[in-house]
Amino acid sequence: MMKKKSISASKASLVLFLCQMISALDVPLDLLQPPTITQQSPKDYIVDPRENIVIQCEAKGKPPPSFSWTRNGTHFDIDKDAQVTMKPNSGTLVINIMNGGKAEAYEGVYQCTARNERGAAISNNIVIRPSRSPLWTKEKLEPNHVREGDSLVLHCRPPVGLPPPIIFWMDNAFQRLPQSERVSQGLNGDLYFSNVQPEDTREDYICYARFNHTQTIQQKQPISVKVFSMDSLNDTIAANLSDTDIYGAKPVTERQPILLTPTGSTSTKVELRGNVLLLECIAAGLPTPVIRWIKEGGELPVNRTFFENFKKTLKIIDVSEADSGNYKCIARNMLGSVHHVISVTVKAAPYWITAPRNLVLSPGEDGTLICRANGNPKPNISWFANGVPIAIAPEDPSRKVDGDTIIFSHVQERSSAVYQCNASNEYGYLLANAFVNVLAEPPRVLTPANKLYQVIADSPALLDCAYFGSPKPEIEWFKGVKGSILRGNEYVFHDNGTLEIPVAQKDSTGTYTCVARNELGKVQNEVRLEVKDPTMIIKQPEYKVIQRYGQVSFECIIRHDSTLLPTVIWLKDNDELPDDERFLVGKDNLTIMNVTDKDDGTYTCIVNTTLDSVSASAVLTVVARPNPPFDLELTGQLERSVELSWIPGDENNSPIRNFVIEYEDGLHEPGVWHYQTEVPGTQTTVQLKLSPYVNYSFRVIAVNEIGRSQPSEPSEQYLTKSANPDENPSNVQGIGSEPDNLVITWESLKGFQSNGPGLQYKVSWRQKDVDDEWTSVIVANVSKYIVSGTPTFVPYEIKVQALNDLGYAPEPSEVIGHSGEDLPMVAPGNVQVHVINSTLAKVHWDPVPLKTVRGHLQGYKVYYWKVQSLSRRSRRHVEKKILTFRGNKTFGMLPGLEPYSSYKLNVRVVNGKGEGPASPDKVFKTPEGVPSSPSFLKITNPTLDSLTLEWGSPTHPNGVLTSYILKFQPINNTHELGPLVEIRIPANESSLILKNLNYSTRYKFYFNAQTSVGSGSQITEEAVTIMDEVQPLYPRIRNVTTAAAETYANISWEYEGPDHANFYVEYGVAGTMASRQIDIATQGWFIGLMCAVALLILILLIVCFIRRNKGGKYPVKEKEDAHADPEIQPMKEDDGTFGEYSDAEDHKPLKKGSRTPSDRTVKKEDSDDSLVDYGEGVNGQFNEDGSFIGQYSGKKEKEPAEGNESSEAPSPVNAMNSFV
């Protein structure tokens, strides 16, 4: 069996579709069937009396039905009324009013009947009433004279119209009268004043009634209102009374609330289910009362409750019986409250629980018609057959009436009929037609064959199989041509034949077949289903905050099924984008140029295809500096304070953090604004402290995260009264500029500090600790006064007091000053020097008496200088050094002295005027120290077993030299150090020949000088003894041959001459000539050794090149450190040792002491200079790879050069061969 399932309530999106499908089987119109009403006019039909009346009645059936009408319960013969016609093939009546007919003549209750051989269907009772918009009756309206504060009701009382008119109040200029909590319009159209104010006085309160059906507006006569204030009323009465009359109108008094509508304490209200419940309370009182609503014993319904007319009207929509109860309105002001209880009863016109539905039965079948309705009170159910009460209708043995149900058993073709169910109570009625049609028909499928359904993956798929047959066919579904019957929980089979796939997947795509069968036959139909990929927004627009005049972009990147064509629409605040060229819509983005405040809002990207729609939204917040505050107001003006209030400007989506208040003194500094104070952004008033005699104007600046607003417009000016000065000048000082005067200075008061006109200063002074009277002088417009004829550097008491035309400031505080200083009179005594070491000494002195300083003691200065060096006895230019010791110190340290030298010093006292006389010169000497390094070390005249060393004495011996210390050690070919030999050399020597050395051996030398204190710093050098001594011969080269290839050349020659010789090969491009020097050794045993050395060096160089290409350094220093004397610290590069060679030095010549690698690979493109003159022998030639092959011979070490010069010839090839 196939699974049958009704539509689930959770599938809300399918409810309407499925309701249409499962309502009832539609009988195809080619089959016999009773009439069915398809269209009719509303039950309460109000027509425009100026237009033709059209009463609709449309029906279908087979054979086509005929139509007839009743009017007010009797047959309406349209043929006898020339103004009435019926549309062809229709039951719709047209009553011609525009050609002389009167609408009022056709008022009544109309009912349409549609009839054919199988039954009769009837319409609702249609009540026809022409609309009415009568004029206001003429009336004389008296002016309303009202006392200020009293309540007032202006009655509208519109004419009774059909339907009731819409009421509103306007003035003569057709402008709506403003309404508020105090003045508002009631539900009956009257205008209520809770209390009147003088501004309510006017002569054009006009009530208008708009009749929508006839599109007419009726106007009441204008109503005049005159409000009398108490003051004017008293003046008027007093003018008309004699002096002996006593009268006084009471002032406006506050009153507790009273209700204007509804009256009394309780009332009732009946409303029908489904309608809108409106309850109203309007109160009078002063101050204006506030209205509050509650439901006794319950809560106001959520989501259906609204407050209108300033909370005077309670509105509840879609009311039900549960909304019945007591509703209380409470009007309250500060004097009291009043309340009113409205008892609400919700009644209900009939409404359907189960409406009868058409029955299609085959002969012999059974069926039922059910008519169930509810209401308050409960409705009565009555049945009709073909428009006739069933009690008097022709009998049918197959039917039985059981209350709200008709039961049919073993029906026959003659049982076909239309039945009407009427449910009615005092508030209305329901009428439903349902036919019973007895047919015998084989199945038929009404859905078109091969219909294509397209859905999105993971959404429901509904495949239609609309069918008809009698008896009712059974429906089965298959997938594919030869598929099995569909069963299981993944499918839902609806009664109307529809197959539902709740969650369609890609594999749900295919052909589906529905089969309908009954006892009279079967039929099948195929439909196709395609499941598409959903459209997705994979990059959604994001929330943006942008400053005004900036540029912003929202992205909306989508992914969709390739067979669907998407369209992208951008909306702003759910509406179309503004027609503005600043908005640029791209393929997957929206860009807004030059953003303005109006661009603020929500932007939505909507992607539509024929099957689905997705959207994503983002908010754009446009921020800017706040708008300036406005409406500055000064209140509470006092002599020393005022309250400033303002209204903030628009914060432009960035909250205001604070307000800055500035002021202008228009009296003293017009046009100059000064900072006054600032307050938090939530504050709009501030109490400002003021100074006397200032003409204030204020302005306010708002500050948010973006910046400061423009200043507000200035406030009104406020001139404060004059007063005595509140303060005296600050920073009062007394400092003499000469030994016999006292200069008194102060900082003048600013203009607003003067507190009044005529600002002056009273300057007073007297000598301290002397019983003298104050001497005073009054000055103006200055900030300095000089007192002459004073003793030198004596203390004075000083004070400066401000005064103006109104008086003096408070008594000022006194300050101590001094008259002018003079140079100190005496020098420090008892100067002693204690030498601590060869470079540091400590000096002591006795302080001078304070009276002799004649000023502020600032400290002591020590002058010291070197007289001569004790080791050289030579004088030089004297350069005095000065050390200053602050305060009253009596000792100090003298650093940086030179050892073994004679010094002099003196000490002087210092005050603000200058230095006093110097103390007698004090002589002291520094002891010996260690010497500096020898000035140079040269190694010359290398032989097989000796080297000659020459040196220079230290630049700074720092004492008497006692000797030189020479240390040296050999270095073998693997850079290992041999035994260290030490030699002590007399101090008067400047050269030494070292003998009994090994031939062809490299030595490293360490050399330093000594005094009795110790050894100084050392210098190092390296040198090599030669290999052999030979007699000179004259060499000869002949038979030179060359063989050139594309990138290299082979050169051969014959040589005659000494065994040890250097060969120089010159070659170059035509027109140029360059030479390369090639060093070749011809000793056989040496060739093998050098080849091994060359191979090791080649491997080392490859590693170095790799490291250097990675940006590193070649740490030659690591090997050099292996040579160092363990007692000696590593030497710097400029001392003659290897350092670390960086890429920046790749093309510099070798420095002093470096050794040239023996790999002599040279390519033509590297250099055009000569090859290094290494090696000796004959038949030297270039290999095929362009490198030169020869024998290695020891190269005589050149004499070291001064400075940083290379120890070899500065050839570019040497630099290239060094690979650094």
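Guide: Let us begin with a term: a residue is buried when its relative accessible area is under 20%, exposed when that value is over 50%, and partly exposed in between. Please keep in mind that this is a predicted model. Glu898 has a relative accessibility of 28%, so Glu898 counts as partly exposed. The side chain of Glu898 meets that of Lys866 in a salt bridge, with 2.3 Å from N to O. This pair links distant parts of the chain, 32 residues apart: Glu898 is in the loop between strand E76 (891-894) and strand E77 (901-911), while Lys866 is in strand E74 (residues 857-869). Lys866, at 13% relative accessibility, counts as buried.

Another one joins Glu296 to Lys328, where the closest N and O atoms are 3.7 Å apart. Here too, distant parts of the chain are linked, 32 residues apart. Glu296 sits in the loop between strand E24 (290-295) and strand E25 (305-308), and Lys328 sits in strand E27 (residues 325-333). With 35% relative accessibility, Glu296 counts as partly exposed, whereas Lys328 is buried, with a relative accessible area of 19%.

Now look at Glu662 and Arg699, whose salt bridge has its closest N and O atoms 2.8 Å apart. This bridge runs between two strands: Glu662 is in E59 (residues 656-665) and Arg699 in E62 (residues 695-704), 37 residues apart. Both Glu662 and Arg699 are buried. Salt bridges can also join into a network, as they do for Asp171, Arg202 and Asp204.

Charged side chains meet rings as well. The charged end of Lys226 sits over the ring of Phe228, 5.8 Å from the ring's centre. Lys799 lies over the face of Trp774, at 4.4 Å from the ring centre.

From here we can turn to rings that meet rings. A pair of aromatic rings is described by the distance of the centres and the angle of the planes. Across the whole structure, a search finds 22 aromatic pairs. In one of them, Phe193 and Tyr205 have ring centres 5.9 Å apart and planes at 80 degrees; planes over 60 degrees apart count as edge-to-face, so this pair is edge-to-face. Phe193 lies in strand E16 (residues 191-193) and Tyr205 in strand E17 (residues 202-211), so the pair ties together parts 12 residues apart in sequence. Phe193 is buried, with a relative accessible area of 1%, and Tyr205 is buried at 5%.

Compare that with Phe968 and Phe1005: their ring centres are 5.6 Å apart and their planes at 35 degrees, so this pair is tilted. Phe968 belongs to strand E81 (residues 961-971) and Phe1005 to strand E84 (residues 1002-1011), so parts 37 residues apart in sequence are tied together. Both Phe968 and Phe1005 are buried. Rings can form a cluster too, and ring pairs link Phe168, Phe174 and Tyr208 in this way.

At 43% relative accessibility, Val1103 counts as partly exposed.

Conventions: Residues numbered from 1 in each chain as written. Predicted model: local features only at pLDDT ≥ 70, side-chain atom pairs only at ≥ 80, totals over all residues. Heavy atoms only, no water. Phe/Tyr/Trp six-rings, centres within 6.5 Å; stacked < 30°, edge-to-face > 60°. Helix = DSSP H or I, 4+ residues; strand = E, 2+ residues; numbered from the N terminus. Buried < 20%, exposed > 50% of the residue type's maximum accessible area, 1.4 Å probe, protein only. Lys NZ or Arg CZ within 6 Å of the ring centre and 35° of its normal. Salt bridge = Lys/Arg side-chain N within 4 Å of Asp/Glu carboxyl O.
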